[in-house]
Each structure stands twice: as C-alpha cells, then as structure tokens.
Amino acid sequence: MPLKTSSTAVTTPADKAGLGMFGGVFTPSLLTILGVIMYLRFGWVVGNVGLFGTWLIVTMAVSITFLTTLSICAIATDRVVRTGGAYFMISRSLGIETGGAVGIPLYFAQALSVALYTIGFAESVVNAFGPFNQTYIALIVTILVAVLAITSAEIAIKAQYFIMAIIALSLVSLAFGSPLEVTQLEPWGTDGGESFWTVFAVFFPAVTGIMAGVNMSGDLKEPTKAIPTGTLAAVGVGYLIYMALPFFLATRADANTLVENPLIMQQIAFWGPSILLGIWGATLSSAIGSILGAPRILQALARDRVLPRWLSFLGKGSGPNNEPRIGTAITLGIVTVAVMVGDLNLIAPVLSMFFLTTYLVLNIAAGVEGFLDSPSFRPLFAVHWSFSLLGALGCLAVMFLINPVATIVAGLIVAMIFLWIQRRELKSTWGDARRGIWMMLLRTSLFQLGHHPDPRTWRPHMLVLSGAPTRRWGLIELADGLNRNRGLFTIASILPMDSRSIRQQQQMEKSINDYLQERNIQALVRVLTAQDPFVGVERLVEIYGLGPIVPDTVLLGNNETPENRSSYCQLIHALHRAERNVIIYREKSQPESKQHHQIDVWWGGLHANGALMMILAELLRDSMEWRSAQIYLKLVVPDQSAAATAKQNINVLVQTLRIDAEICILVAEGRSFDEILSESSRNADQVILGIAEPNENFCDYYASIEERIHDLPSTMLVLAAPSFAFAEVLKK
C-alpha cells in the first residue's frame, strides 16, 4: 500500500502563521552551538593547544559543519521541507529505508539528549547551592520544558529569547573581565598537554548544533528561506564567538590554570555569576531544542508509516500549527525513565554518533543529488557536489576520531534498522535519487563492458520465449536455475498484431513482472506484437538489447504442432545465423517432491556443442534445486577396443578442465544410438543433447530428433553459436 507523504497532513506555508527565520532557526541553532562545552571545556582546549592551536581546531571543526550546512541549504532550497527535518530531507533524497534508518536513531538521540541536559543542569545546581536531590531537580526541569513544548512551540521559542539574552550577558561579562595573573601567551600550548586530535575530538561536539533549526521545519512560515539563512547565520556568528573567546582566555590566565579549572570563565568575568547563569541557560536551551525536535521526527516517521501500524497515532497533530503533542508526551515518558536511571555516560557517545551519522548522510544526499544533476533537482542555493563529499568524509573521519567503538555500534544499529525497513517493502509515493544512482552506475558499466565478451566471466544472457509465464513455467524455472541471480534473462511474449495497445502492452509487462517477483524470480520482461510469432521472435532478437548487453542465448520450448515445424526450424536456422546459442527445452512432468540426482550429458567432443553443454550442466548443478545432482559424461564408442582409449583421453580432459563429472563410456555392440540413449538415460532427471547445425534438410533431421527424445525425461537440445570459443570458458 503506497505511503502518504507528510505534506498531506501539514498546513502549507501560505495558510499558517508559523515561525520566522530568527526565532525558528537562528535562535535554537545558535543556542545549541554556544553550549556547555563553551563554558566548561573551552579553557581546557586553549590551555592544551594554545591560542593558534585553538583557532585551528575551531576553524577545522566549523569547516565540517559549514560544509554540512551547505548541503542542508541545497536540499532545503530544492523542495519545501516538511515536518521531520533531517529525516524528511534524507527520505526524500535517498529513499524511505535510508531515511528511516537514520531517523529512528536520531529521534532517540534527540529524546535522550533532553535527559543528558537536564541531568547536567541539576548537577550544576547541586554544586552551586548545596545538598539538593539531583534526580528530583532533573525531573522537575524535564517536566517543565516538556510542558512548555506541549503548550506551544512559539512560547518555547520565546523562552529561548530570554536564554539568549542571558548567554549574551555572560559573554559581555567575560569580554570586560580582568586577568587572573600575569601570563605569557602560549601560541601552541605547553609541553605535556593533550594531543591536538584528542583536544579536537573533545571540542567538535560544540559546533554540531546546526540541526536545531532544521528540526523545526514543519513549524516554519517559509522553510525554504528560513533554513539556509538562519543556519548559515548561526554557524557564522558561532564561529566569530569561538574565534574571539580564545584570545580573552589565553591573555588572562596561564595554560595550567586553564587546563585545571573548568570554571575559569567565572573567575575572569566582570560579573562571575553571569557565567553560571550562562551554563544554566545553555543546558536549558539545548533541552528545549531537543524536546521540540524529537517529537517532530517521531511524527514524520509515523505519518510515513516507517513505524509499525499500531503506532500510527503518533503521526497526529494538534492545534492550528499541527503540533505533535502526543509525540511530546511519549518523548516525556522516555526522558523521565532516562532521568530516573541517571547515568547515561555509557550511551552518550553512541548518541553523539547518531547526530554525526545524520550529518554524514545529509552530505551524501546532497552530494548524490548534485552529482546526478537530475532535471528535477534545482536548488536555489546551488552547491557543488564535491563540497558535500568533502563534508561527508570530514564527518566520517571525526566519528572515528572521537570514538571508533561508538561509531561502529551506531553504524550497526543503523544498518539493522535499514534491513528491517527494507524487509517490510514499504512503498512511497514520492520519488528519490536511487533510480538516478542506478542509471549512473548502469551507464558506467555499459561503457566499461565493451563489445567483446570475456571467456573468463561468460555466462548465458538468455531470451526466454515462454509467452505467458503460466503456460511454460518450466522454461522460466530452467532459466532461473542457470542464472542464479548472477546473469540476466528476459521473459518474452509475442502477441498478435493490433491485439494490444502500447499502454496495454506496458500493463501486461508490469503484470508479468509482478507475477515473477511474487515467486522470487528476477527477470526482465518484454512484450512485442507481430503478425507472425516466428517473425516476431526474429525481429526481437535483432533489436532487443542495450549496447553490449544483448541476449546471446535463446531458450524456447519444443515444437508441439507438426504443421508449424517448418516455421519453427526456419526460426532455429535464423537464430543460428544471428550467432545466438539455442536451447530447446522439452519438459517432462515429474513429481514435485522428486529429488534431482542425475544430469546426463551426451558428449560429442569439447568443440562445437560439447563445451556449451558442459557449461550448462555445471551452471544447472550450481543451483539450489540441483546441488545434490551428479553429472554423467556419456560417450558412445563402436567397440571395446575404443573404450579404453576414449576413457583415458576423457579422464585427462576432465582433470585438466576441473570438471566434477562421472565418465560413462558406452559400447554400442551393434545397437543404435537411439536404443543406447533410451536405455541409459531413462532414469535421468535432466538430459543434455547437442544438435547439428541447420541445413536444407534440417526439418527432417529435427523430426527424427523429436522421435528420439519422445520417451526421455526432461531434455535440453543445445546448438552453440559458431562465433564463440566455449572451450576457452572451461579452460580459464
């Protein structure tokens, strides 16, 4: 059942008030960037790597988030970003499986981050004011921010204006502070400090707040304008602040003091308590941003039916702005449990990796869209795909740099969710970039293949003349057994001329394709109309294919009506002239439970048909249904004296070619070949025979072949194309 997009349940920008750029994107993004790490860890960073080292770290870290921001801007200005933020962007670019695989962990990361922030807030309150119950304080703060979010997103955003004022006050107080001591500026830190990359890993999470505004996409008045402008402005302002702060810190305290005192800012600020207020404001603003963002991701996941059907109620919105109050209540329950548990240090690194995975996939999405350059991708904020690729590589490098184990754990969780969603075979009503990716790979592969087949990698590319699948299902089963999802084969039907319109032919192709997919058969389908079915086959063989990918083997059923024998034999002749291999399959019905134990190959030498017959036998035995079968290589000789020589020669050949087959030398002793064939292969499960090249008497010859195989089990008649050295395939 097709999925409905989130946009069907969301009011359009034209008919809702919504949040503006400053309140909906810039403010929450900047407040998340100017977080607790700035207050409690930035002095440690400056003390370890010095002023110049800190500037380099800030520039490198912001460069990665800036590149990710460019990717976000490209996607956000190509389409209206509805509820779900990053999940919406990814699912509409890389498909619902990738979007869900990233979106579900991102929701839990956002939700549990609320607990991390409120616990941190409670811990700082206890440290400042004495023996209060930390868990109770965290629970009270959690409930308050959740109530704020449930009441209205606009009220929550207005509360963040107050917090921004507090943080601004703390920064001004720091700027007008005074030195603690006479200090010597250390450009690159002192000896014995932490390594540059260790410090980089600690600082990098400070600049990863760019998704706070994107998560509010469904509540924005004009997301296409607000997201790029607000996010870029937040990144730019945050960068300027992070470049200015190291100068104040490095010139007002020495390196050892900066490293050892986490609250060094409070001591050097003009009004020390403002720093404590800033810390509280940073934790509260981050908690508010997360409690606003997480339910909206959950709402989008439920609407797109990524979540199980029984959770569909989570997609409902409330009020004129369609706010996810049910999702917020569920998120509050999850956060409450997390706060009661208390210690989230074990999972915190994995949560960070989920955020970075989101940035990584957003870069990939924008890079893929830009590289494919599809006509439908027309962002107002154009970014070259190489910048997105660079951002993706930067995110991946930072993930392993910060915590390799957490990176692997997060990757495994995302992969498992992807496989779970893929198994559910969800169908979306929106398009994505995956078809463009496959088309690009197909184009590259076609030009790499060339027009000359390589014997080392050859396998039959078959055109199966089965007609409607239900009529000659045995042909399709045989082709599938020979193919084993490694090669290509096409199911072809020739219909009478003017019996179907082009639209009806396309619908028939789709119906056949659906029928095959239900039975786990991977095959192409082609329906053609012709005045004469035999002429239609010749025309199809002549025109069907794409570049070097053309069917080299035609699989068809045995002629069942004597009046058509002449046309049938002419078709075989035409296929041979067209240098196609021909396999004529006469199926003998067998009990379904019958096990396949014996494949008889009637050997006439390695050249001509012999090599192709052996290849087909080996391919058939490699399939699951025939894996327990034994290949019998059978050769008829006139007398006993020729038998020993023949067996010795074939033994050498079989060992040289690495063929697992049992050799059977049959002495004629006056018996006809037909008698020997009938007697020796009566209990076989599959018989493979070669046929002569067509000539003027081919019809009579073929009639004799039909009589010969009439009482045999299922039989393949093989006619190899004259232009390909199949013996080389076996010798490779």
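Guide: Two strands are said to pair if DSSP finds at least two bridges between them. The model shown here is predicted.

Visitor: Which residue in S5 stands opposite Ile-494?

Guide: Strand S4, residues 489–496, pairs with S5 in the parallel sense, over seven bridges. Ile-494 belongs to that stretch of S4, and the residue of S5 standing opposite Ile-494 is Leu-528.

Visitor: Which helix packs on the sheet, touching S4 and S5?

Guide: The direction of the helix in question makes about 145° with that of S5. The helix covers residues 502–518 and is H20.

Visitor: What is the order of the strands in the open sheet?

Guide: The sheet is built of ten strands with mixed pairing. Its edge strands, each pairing on one side only, are strand S5 (524–530) and strand S10 (662–667). From one strand to the next, the twist averages 25°. Read across the sheet, the order is S5-S4-S3-S6-S7-S12-S11-S8-S9-S10.

Visitor: At what angle to S8 does helix H25 run?

Guide: Helix H25, residues 673–680, lies across strand S8 (598–602), strand S9 (630–637), S10 and strand S11 (686–690). Its angle to S8 is about 165°.

Visitor: How far apart are the closest N and O atoms of the salt bridge between Glu-509 and Arg-526?

Guide: Eleven salt bridges are found in a search of the whole structure, and Glu-509 with Arg-526 is one of these pairs. Glu-509 lies in helix H20 and Arg-526 in strand S5, so the pair links distant parts of the chain, 17 residues apart. The closest N and O atoms are separated by 3.5 Å.

Visitor: Are H8 and H16 roughly parallel or roughly perpendicular to each other?

Guide: Helix H8 (residues 196–203) packs with helix H16 (residues 385–402) at an angle of about 105°, their axes being 9 Å apart. The contact joins Trp-197, Phe-200 and Ala-201 of H8 to Val-398, Leu-401 and Ile-402 of H16; by class these are six nonpolar, no polar and no charged residues. Angles of 65 to 115 degrees count as roughly perpendicular, and H8 and H16 are therefore roughly perpendicular.

Visitor: Is the crossing of H5 and H17 left-handed or right-handed?

Guide: The axes of helix H5 (residues 96–129) and helix H17 (residues 404–423) come within 8 Å and cross at roughly 135°, and the two helices are therefore oblique to each other. Residues of H5 including Ile-96, Ala-101 and Pro-105 meet residues of H17, among them Val-414, Phe-418 and Trp-420. The contact holds nine nonpolar, three polar and one charged residues. The crossing is right-handed.

Visitor: Is the crossing of H4 and H15 left-handed or right-handed?

Guide: Helix H4 (residues 86–94) and helix H15 (residues 348–372) have axes that come within 10 Å and cross at roughly 40°, which makes H4 oblique to H15. The crossing of H4 and H15 is left-handed.

Visitor: How many charged residues does the contact of H4 with H15 have?

Guide: On the H4 side, the residues include Met-89, Ile-90 and Leu-94; on the H15 side they include Val-361, Leu-362 and Glu-369. Nine residues of this contact are nonpolar and two are polar. The number of charged residues is one.

How values were computed
Residues numbered from 1 in each chain as written. Predicted model: local features only at pLDDT ≥ 70, side-chain atom pairs only at ≥ 80, totals over all residues. Heavy atoms only, no water. Axes fitted to C-alpha atoms, helices over the stretch in contact; angles between N-to-C directions. Helix = DSSP H or I, 4+ residues; strand = E, 2+ residues; numbered from the N terminus. Parallel < 35°, antiparallel > 145°, perpendicular 65-115°, else oblique. Left-handed = near helix turned anticlockwise from the far one by under 90°. Contact = heavy atoms within 4.5 Å. Nonpolar A, V, L, I, M, F, W, Y, C, P; charged D, E, K, R; others polar. Salt bridge = Lys/Arg side-chain N within 4 Å of Asp/Glu carboxyl O.
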